[in-house]
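Please have the sequence and the model open while reading.

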Amino acid sequence: MLKSTRLRWASFFTVAAVVAACSDAELTFGGPLDLVITSNAPVSVSDSLVVNYDVTGRSLLGIAITWGDATVDSVFFAGAQTAMGRVAHLYSAEGDYTVSATVTDGVEGQVNRELSITISP
């Protein structure tokens with residue numbers, strides 16, 4: 001069955017290349033780099049802050065979440081064109097923080113989004 005799958009993918013790319021060669025239209029995969037982040041804020045010190053991300057690009061490499069308390073978490077995408085997920089963080093002190101998410105795309109570059117959040121006692 002593996003041979004059959006390889007043959008189908010090879011056929012798909014051959015057909016896509018022939019169509020592109022016979023057309024004036026540009027063949028592109030993925031989309032412009034875009035990042036949307038949301039959170040479950042406000043939360044207290046005893047609860048985890050959850051950041052949800054939704055990313056579109058052409059060759060996504062990864063996302064880095066900077067929590068505003070000198071902590072960073074990273075997720076790698078290995079060339080995907082879309083990615084969705086969530087990352088959780090537990091703060092050790094109450095206060096106001098800026099959460100920053102930076103996504104890197106091998107074709108489109110980088111985009112950054114920020115959230116201002118408050119951690120209550």
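## Strand pairing

T66 has S100 in β5 as its bridge partner. This is a predicted model, in which local features need pLDDT of at least 70 and side-chain atom pairs count only at pLDDT 80 or more, while totals for chains, interfaces and linings use all residues. Residues are numbered from 1 along each chain as its sequence is written, and side-chain values use heavy atoms, with hydrogens and water left out.

Strand β3 (residues 49-66) pairs with β5 in the antiparallel sense, over six bridges. Two strands are taken to pair if DSSP finds at least two bridges between them. Strands are DSSP runs of E with at least two residues, helices are runs of H or I with at least four, and both are numbered from the N terminus.

S100 is bridged to E114 in β6, and A101 has R113 in β6 as its partner. In a regular strand, side chains alternate between the two faces of the sheet.

β6 (residues 109-120) is joined to β2 (residues 43-44) as well, by two bridges, and these two strands run parallel. In this pairing V43 stands opposite I119 of β6.

## D105

Which strand holds D105? D105 lies in β5. D105 is buried and has no salt bridge; the nearest side chain of opposite charge is that of R58, 6.5 Å away. Buried means under 20% relative accessible area, exposed means over 50%, and partly exposed is in between (1.4 Å probe, protein chains only). A salt bridge requires a side-chain nitrogen of Lys or Arg within 4 Å of a carboxyl oxygen of Asp or Glu. For charge, Lys and Arg count as positive and Asp and Glu as negative, with His and the chain ends not counted.

What lies 2.8 Å from a polar atom of the D105 side chain? The backbone nitrogen of R58 is at that distance. The backbone nitrogen of L60 is 3.5 Å from a polar atom of the D105 side chain. Leaving out residues up to four places away in sequence, D105 touches L33, G57, R58, S59, L60 and L61, where contact means heavy atoms within 4.5 Å.

## P32

P32 sits in the loop between α1 (2-21) and β1 (34-39). Is P32 buried or exposed? Its relative accessibility is 60%, so P32 counts as exposed.

With residues up to four places away in sequence not counted, P32 touches T56, G57, R58 and E108. P32 and V55 are 23 residues apart along the chain, and their C-alpha atoms are separated by 9.9 Å.

## The whole chain

Of the 121 residues, 27% count as buried. Among contacts between residues at least 6 apart in sequence, 56% join residues at least 24 apart.

The chain exposes about 7600 Å², of which carbon and sulfur atoms supply 57%. Accessible areas come from the Shrake-Rupley method with a 1.4 Å probe, and for residues only the protein chains shown count as cover.

Technical notes:
Polar contact = N/O pair within 3.5 Å; in protein donor to acceptor, adjacent residues only side chain to side chain.
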